[in-house]
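Trainee: I should like to examine this model step by step. May we begin with the overall make-up and then turn to details?

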Amino acid sequence: MEHYNMNLTLKVWRQKNKNDQGRFETLQAKNISSEMSFLEMFDVVNEELINEGKDPIAFDHDCREGICGMCSMHINGRAHGPWDGTTTCQLHMRAFKDGDTITVEPWRAGAFPVVKDLTVDRSAFDRIIEAGGYISVNTGNAQDANCIPVDKAKADLAFAAAACIGCGACVAACKNSSAMLFVSAKVSQLALLPQGHPEKHSRALNMVAQMDKEGFGSCTNTGACEAECPKEISLTNIARLNREFIGAGFSSEK
Amino acid sequence: MKWSQFFNTSIGKKLLVGATGLFLCSFVIVHLAGNFQLLYNDEGKAFNAYAAFMGHNSLIQFIAWGLKIVILLHAFIAIQLTFSNRAARPVKYAVSPGNQTSSWFSRQMAIMGSILFIFIIIHLANFWAKFHYGEMPLRTYPGQEEPLKDLYLVSQETFKTGWLVVLYVIGMIGLSFHLIHGFKSACQTFGLNHKKYNGLLSFIGIWLFGIAIPVGFAIIPVVIYFK
């Protein structure tokens, strides 16, 4: 693919802190290489802002290789931008052309309050995990991995669910700000494996209860989460979560 | 988790919406089967006898009242969920993805449901209230002793009015768009998502409930209007 440089107009959300109302700021990004990642383009813009003595744009990033789930940017109406199955750091500037105007917003959800500019607080996800997204094991030596037989097909499904990086794109993309795809991936990766079975009922009930408590919306099965998920987590996980929750709700003795 | 807590969770409420929705899906099949008798060329003999049976059989009357409660419950919980879903995003996006990430039908459930609800109220006022509580013309068919309430005649007269036919067709478009997403969505809420059955569920949702049934309903007033 041929390399080219471009000039862009950015409309970026600026917000001092969670109590600030926030507004869009229009910035020019000049001489941007098509081979840069979207975050590198932001680095260039921020360098200039710093040189001018202005406040750089705050945005989350960590690994820059698509596995940490930090780079939460809503770009031109799409979570992580126009490419499917990628995070913002994996989005390259060749997705845009010279003269484009790009609107960049933070994840919008009551459960994800803006910390500053494009940075949001996703600790609601941590509290959902704390409510049941784990298995309890006794201390001592780990037992031999081969002593619990695991069906290969189920192991593959569990692995696909475990690919969830907790980035929150599902919440950002959902018109209801629902966290069902995230919760379903976290419930599924354990429900599919024998190690997850002993706590499957309390896990489904507690994680859904925490999800509701955090103020996420409910799922209306539009499929926007699946379309935007950088790890392509399937909607079949949401169906599994529903089955787990129904099973637990109808049979739990508490 | 107690039942009261269970049905107060987001999934619990959705289960109620899904269950009532699927029950209403089964109802439209029965209703349409009955309506087709309006197209018989028997001056309404079969239809009026059917209406008299439906209006007097106590089991059917019991289900009919249950049906009204189910419609209200379906609407009430769905409205409640819609409001809490809107509240979950206090600051909206400046740019939205439109149809790039989800189908248009899936995002219009509340609007289509509202159109349908208004339609149902007008529909009940036009026929059900008139049949049970209003003045009805009577008709005695040859070979019968008891006169029957002539609901057939009422429907023929109602659908000679153009705007009522248009309203009916709009109501059925609402039904179509609501069920194109609604049927399959309810299945997903109940955890029914399986490679071997998804094709069949989509087919039933789109072609049977989304197209065949609403078209079947809509044809009848149109035929009456142009007869």
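Trainee: How many helices and strands does the secondary structure of chain A come to?

Mentor: This is a predicted model, in which local features need pLDDT of at least 70 and side-chain atom pairs count only at pLDDT 80 or more, while totals for chains, interfaces and linings use all residues. Residues are numbered from 1 along each chain as its sequence is written, and chains are lettered from A and ligands numbered from 1 in the order in which they are written. Helices (H or I, at least four residues) and strands (E, at least two) are DSSP runs, numbered from the N terminus. On that basis, chain A has 8 helices and 7 strands.

Trainee: What percentage of the residues in chain A is buried?

Mentor: A residue is buried if 20 or more other C-beta atoms lie within 10 Å of its own, exposed if 12 or fewer, and partly exposed in between, with C-beta atoms placed from the backbone. The C-alpha atoms of chain A fill a box of roughly 60 × 40 × 40 Å along the principal axes. Of the 254 residues in chain A, the buried share is 46%.

Trainee: How far apart are the C-alpha centres of domain 1 and domain 2 of chain A?

Mentor: The bounds, which come from an automatic or database domain assignment, are 5-105 for domain 1 and 122-251 for domain 2 of chain A. Counting two residues as in contact if their C-beta atoms, placed from the backbone, lie within 7 Å, 12 residues of domain 1 of chain A touch 10 residues of domain 2 of chain A. The C-alpha centres of these two domains of chain A are separated by 30 Å.

Trainee: Why do the buried residues of helix 1 of chain A lie on the same side?

Mentor: The buried residues of helix 1 of chain A are A:F38, A:M41, A:F42 and A:V45. Their cover includes strand 1 (5-14) and strand 2 (23-33) of chain A, whereas the face of helix 1 of chain A turned away from the buried side carries the exposed residues A:E47, A:I50 and A:N51.

Trainee: What distance separates the end C-alpha atoms of helix 1 of chain A?

Mentor: The expected span of a helix is 1.5 Å times one less than its number of residues. For the 14 residues of helix 1 (residues 38-51) of chain A this gives 20 Å, which agrees with the end C-alpha separation of 20 Å.

Trainee: Which helix of chain B supplies the largest share of the side that touches chain A?

Mentor: In all, 35 residues of chain B are in contact with 42 residues of chain A. Helix 2 (10-35), helix 4 (58-87), helix 5 (104-107) and helix 8 (162-189) of chain B each supply at least two residues of that side of chain B. The largest share, 5 residues, comes from helix 2 of chain B.

Trainee: Is B:I220 buried or exposed?

Mentor: B:I220 lies in helix 9 (residues 195-226) of chain B. Leaving aside neighbours within four places in sequence, B:I220 is in contact with B:N35, B:L38 and B:L39. Because 20 other C-beta atoms lie within 10 Å, B:I220 is buried.
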